[in-house]
Structures are given as C-alpha cells and as structure tokens.
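Keep the coordinates open as you read.

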Amino acid sequence: MTESPSQHPGKPEAIENRLYINGEFVPSRSGAQFDLYNPATEAHSASVYEAGPEDVDLAVAAAKAAFPAWSALGALQRAHYLEKWATNLERCMPEIYYLDAICMGKPISNDFFGSLVPLMVRTFAAKALDITGDSSLNTPDFMNITLRQPYGVCGAIIPWNGPVPTMIMKVGAALITGNTIVVKTSEKAPLSCLVAARCAQEAGIPAGVLNILSGHGRPCGEAIARHMDIRKISFTGSTATGRAIQRMAAESNLKSVTLELGGKSPLVIWDDADLAQAVPAAAQSILGNTGQVCIASSRVYVHASIADPFLARLKTTMTAMGQSGDPLHPTTARGPQADAAQFARVQGYLHRAREEHVTIPLGGDREGTQGYFIQPTILTDVPESSPLVKDEIFGPVVVVNTFTDEEDVMTRANDTEYGLYASIYTRDLSRALRAAKRFEAGSVCINCTGPTMAFDMPFGGWKASGQGRELSRYATDYWTELKSVFIAL
C-alpha cells in the first residue's frame with residue numbers, strides 16, 4: 001500500500017495499490033509499478049503495481065478453479081453474496097469518490113451515476129431467478145428445451161471515466177449468471193476498483209470468483225484478450241481498441257465479445273422545443289464528467305429560426321455550469337481532463353478549430369496554468385466533413401450547427417460511424433417518434449438527453465459504437481451460452 005495524499009473526507013488511511021487475485025491482495029510478479037498523478041494539481045497521487053501476462057495467468061487459473069463451485073451454487077446464493085457486496089460498497093462510496101478525484105479528476109460532487117452503484121449491484125442480484133430457458137412441444141414425440149449456462153472464465157476491460165460503475169455493469173451480470181471473471185482496470189484510474197475488490201472480499205465472495213488487475217493495454221489487456229482459457233470478454237472504451245480486442249479474440253480461441261465503444265451523439269432541437277429544458281440539458285450533457293462521457297451530446301443541430309436565442313442561452317448556461325476547481329472540493333462542478341494525454345488530445349482539436357477558422361463563441365483554449373483544465377467550448381457552423389464533427393473529442397467541446405429541414409437534419413445526424421445515443425427536443429409527438437425510429441443509435445431520448453439511462457433498459461450501440469447490451473434483462477443473455485436439449489418421449 002501507499003500513503004494517501006492530503007486529508008479529506010473519504011480519504012483512506014492507506015491507498016491499496018496491489019492486485020486482487022484469488023481473494024487476496026498481492027504485488028505483481030514482476031514487482032513493477034506505475035505512477036498516478038492528480039490531473040488538477042499534477043502532483044503524484046500513488047504508485048500502483050502493474051500486472052503483466054504472468055499475473056493474468058495466475059488470475060485466470062484462480063477463476064478457472066473457482067468456477068465449478070460458484071456455478072453450482074443456487075442462484076439465490078449467488079444473489080446473497082451480491083447483496084452483501086452492495087451493502088459494503090454503499091459504505092465505501094466516499095472513498096471511491098476520493099480516489100477517482102485524485103486519479104482522473106472527477107469532482108466528488110459529480111459522481112455521474114456512481115451513487116447508484118450499490119443499487120446496480122442489487123439490481124443484478126434481483127435477476128437471479130430470471131435466467132431461464134424455453135421449452136417446446138412442437139416436434140411430435142419430443143419435449144425440447146433450451147438452457148442458459150455460464151461461459152466459465154470471463155474477462156472484462158473497463159475504462160477510466162467511470163471505473164466502478166462500468167465494472168459493475170460487467171461483473172454484476174457475469175457473477176449472477178455463474179461465471180467467474182478477471183477484470184483489467186484502466187491505468188489512468190485503477191484505485192477505486194481495488195476498493196470494490198476489498199468490499200467483495202469482505203462480503204465473502206469466494207476466492208477466485210472476482211479478480212482485479214491494474215495494468216496497461218499492453219501487455220495486460222492483450223494477455224486477457226488472447227487468453228485461451230477465457231471464453232468471453234467484455235470491453236468498454238474506444239472504437240479503435242475495440243477493433244483490436246475483437247481481432248485478438250478471433251486470433252486466439254474465438255471467444256465471445258461484447259463491446260461498448262465510442263459515440264458522437266446528435267441532439268436535434270426543433271423550433272417548438274422548450275428551451276428552458278433543452279438548454280440546461282445540452283449544457284449538462286457536454287460538461288458532465290468534463291465531457292469525458294461516451295453518450296455526451298457532442299453534436300447539436302438547432303433549428304435556424306431559434307439558433308440565436310439558443311446559442312445565447314447555451315453560452316450563459318455553460319459558463320455558469322462549467323465552473324472548475326479542485327475535484328475534492330464539494331462545490332466544484334467541473335474537473336480537469338483525466339491526464340496529460342487526454343488534455344493534449346482535446347487541445348489538438350481546439351487548435352484544429354482555430355486553423356480551420358471555425359467560429360468559437362465560447363472557450364477554445366486551456367484554462368489556467370496548473371492542471372489539465374480545458375475551457376467549456378462551443379464551436380458553430382462547422383463543416384460536416386470536419387473531424388470536429390466526425391471524431392469523438394471526449395472533452396467539454398460541443399459543435400452547434402443549424403438546420404431547417406427534417407430530411408436534411410436526420411441525414412446529417414446519422415452521418416457518422418457511431419451509433420450509441422441520439423436525442424430530440426420537440427413538442428410534435430409524430431415528429432419525435434419518426435426521429436426515434438430513424439436515428440441509427442442504440443438509445444434515443446425524446447425531450448431529454450444523455451446521460452439518461454435506466455437499469456431495466458438495455459444499453460449499447462449500433463454501428464461502430466459496439467455490439468451486445470448491458471443492463472436490463474437482456475444483459476444476462478450476453479453472459480450465458482444457449483444450449484438446445486432434445487428429449488424423445
């Protein structure tokens with residue numbers, strides 16, 4: 001363990017920095033560590049043991065040994081473990097908030113949907129008795145049934161922008177269906193998931209059922225994606241990395257793959273929209289978690305007849321909502337970008353905007369001289385072919401373009417490789433439902449926008465935004481194999 005930085009509510013006495021393998025916290029086999037820096041201050045936060053391929057092998061072996069007993073438990077027994085885990089997580093959420101703040105700058109006042117983490121675990125526990133097959137009497141002299149059974153050892157690779165919530169989406173579904181799992185956290189924000197591991201350990205979840213490794217994509221993530229004893233892998237992150245993981249899965253044992261990838265989500269605002277609702281929603285969508293959210297509404301299409309009042313209100317609202325500061329201060333609304341690399345990436349796009357002579361009504365540069373802060377930024381009248389419109393910037397940067405015609409705006413909204421999320425504001429119900437059908441996206445919001453989600457609704461993308469679904473009754477389908485059984489009478 002390493003010493004914790006300055007005193008603060010939620011600050012642990014010591015920061016856990018080891019790997020969680022087979023129910024124990026252990027250093028990596030190589031002894032190698034990597035450093036974490038607070039993106040608000042650029043000060044050193046912690047040093048963390050770095051998992052390599054040999055640690056992946058140990059974790060997979062532990063998960064493989066634990067699988068027979070875990071999968072043989074009654075579903076309600078597994079649910080009982082998850083309920084105890086949820087109770088422990090509830091108690092430790094302040095510590096989780098603190099660690100995310102010093103790792104990737106997420107304000108403790110803006111936990112995204114982190115406060116719902118214990119509820120999410122309990123939701124998966126409640127699904128214990130819903131994992132069932134079907135039966136058929138349609139074949140003469142036969143009764144046929146389908147079974148849903150766990151894969152066995154699974155892998156998960158999670159992002160840095162919401163470490164514990166995105167981990168729970170995968171681990172909750174994997175464990176309740178009887179799988180065991182090896183998780184790789186992001187090298188940008190590994191600490192909070194180690195607290196979740198401690199909560200699982202204290203809940204009595206058997207050794208080897210859940211293993212959590214801190215490491216880089218190479219070699220740790222690649223070792224998981226290529227491991228011959230891992231039967232299914234779930235990844236949340238960039239589309240480029242998702243493609244690489246799918247390739248590695250195919251080149252190894254053709255393991256099943258679920259991908260939740262990037263987005264460049266359109267928000268269409270018609271001339272009859274309620275701007276008192278639409279403007280704050282648009283601002284919050286791009287400023288929440290400093291724009292580092294895959295479902296952020298980063299492309300806004302506003303009807304030309306209301307473009308001026310909309311833009312004026314949006315500037316005022318983003319300025320008020322976007323007040324930045326120390327992520328550990330309870331009133332801070334917006335933190336920095338997660339690290340130097342993400343900061344440089346966003347700055348690169350802002351430099352491109354200036355090079356392309358794009359109009360910048362708000363922001364457009366770094367904020368201050370210390371930390372990785374970017375000004376809340378609005379870009380207007382950007383050519384649809386520009387990378388500013390096409391690429392996922394992952395920062396507090398929104399493109400606002402205008403439209404007048406329904407056919408035109410729907411074509412432009414769908415003209416992207418991504419298909420994760422889309423939104424529309426209008427009082428015309430028929431227009432809203434036409435858009436809902438036509439949007440090429442896995443989730444559609446009418447008179448609301450991201451990050452609107454619900455635990456009983458599936459989450460995932462179309463096109464290059466991914467495959468498979470998380471949350472809801474559909475989630476467990478992606479963590480079980482389907483088997484047909486034919487019974488002659």
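The model is a predicted one.

Start at strand E9, residues 153–157. How many of its five residues are buried? Five of the five are, so E9 is largely enclosed by the rest of the structure. The cover comes on both faces. Val153, Gly155 and Ile157 are buried on one side. Cys154 and Ala156 are buried on the other.

Next, look at the partners of E9. Strand E10, residues 180–185, pairs with E9 in the parallel sense, over five bridges. Strand E12, residues 232–236, also runs parallel to E9, and four bridges join the two. In E10 it stands opposite Val183. In E12 the bridge partner of Ala156 is Ser234. Between E9 and E10 comes helix H4, residues 163–176, and E9, H4 and E10 make a β-α-β unit. Which hand does that β-α-β unit have? The unit is right-handed.

Helix H6, residues 217–226, belongs in this part of the picture. Its buried residues are Cys220, Gly221, Ala223, Ile224 and Ala225. An α-helix has 3.6 residues a turn, so residues three or four places apart point the same way. What covers the buried residues of H6? The cover includes E9, E10 and E12. It also includes helix H1, strand E11 (210–214) and helix H7 (239–251).

Now move to another sheet. Seven strands form an open sheet with mixed pairing. Their order is E16-E17-E18-E15-E14-E20-E21. Which strands stand at the edges? They are E16 (359–362) and E21 (443–446), each pairing on one side only. From one strand to the next, the twist averages 20 degrees. Within this sheet, E14 (residues 266–269) and E15 (residues 299–303) run parallel, joined by four bridges. Leu267 has Val300 in E15 as its bridge partner. Helix H9, residues 307–321, packs on the sheet. H9 touches E14, E15, E16, E17 (377–380) and E18 (397–403). The direction of H9 makes about 160 degrees with that of E17.

A further open sheet has three strands, in the order E7-E8-E24, and its pairing is antiparallel. E7 (135–136) and E24 (480–488) are the edge strands. Each has a single partner strand, so one side of each is left without a neighbour in the sheet. Two bridges join E7 to E8, residues 142–150. There, Ser136 stands opposite Asn144 in E8.

Turn to the rings. How many aromatic pairs does the structure hold? It holds five. One of them joins Tyr20 and Phe25. Their centres lie 4.9 Å apart, with 45 degrees between the planes, and the pair is tilted. Tyr20 is buried, at a relative accessible area of 2%. Phe25 counts as buried too, at 13% relative accessibility. Trp70 and Tyr81 form another tilted pair, 5.6 Å centre to centre and with 45 degrees between the planes. Trp70 lies in H1 (residues 53–72) and Tyr81 in helix H2 (residues 75–104), so the pair ties together parts that are 11 residues apart in sequence. Trp70 is buried, with a relative accessible area of 1%. Tyr81 counts as partly exposed, at 21%.

Finish with the cysteines. A disulfide is a covalent bond between the sulfur atoms of two cysteines. The cut-off used here is 2.5 Å between the sulfurs. By this rule the count is zero disulfides. Cys92 is in no disulfide, and the nearest cysteine sulfur, that of Cys199, is 3.6 Å away. Is Cys92 buried or exposed? Cys92 counts as buried, at 5% relative accessibility.

Technical notes. Residues numbered from 1 in each chain as written. Predicted model: local features only at pLDDT ≥ 70, side-chain atom pairs only at ≥ 80, totals over all residues. Heavy atoms only, no water. Buried < 20%, exposed > 50% of the residue type's maximum accessible area, 1.4 Å probe, protein only. Pairing = 2+ DSSP bridges. Right-handed = clockwise from strand over helix to strand, strands pointing away. Axes fitted to C-alpha atoms, helices over the stretch in contact; angles between N-to-C directions. Contact = heavy atoms within 4.5 Å. Phe/Tyr/Trp six-rings, centres within 6.5 Å; stacked < 30°, edge-to-face > 60°.
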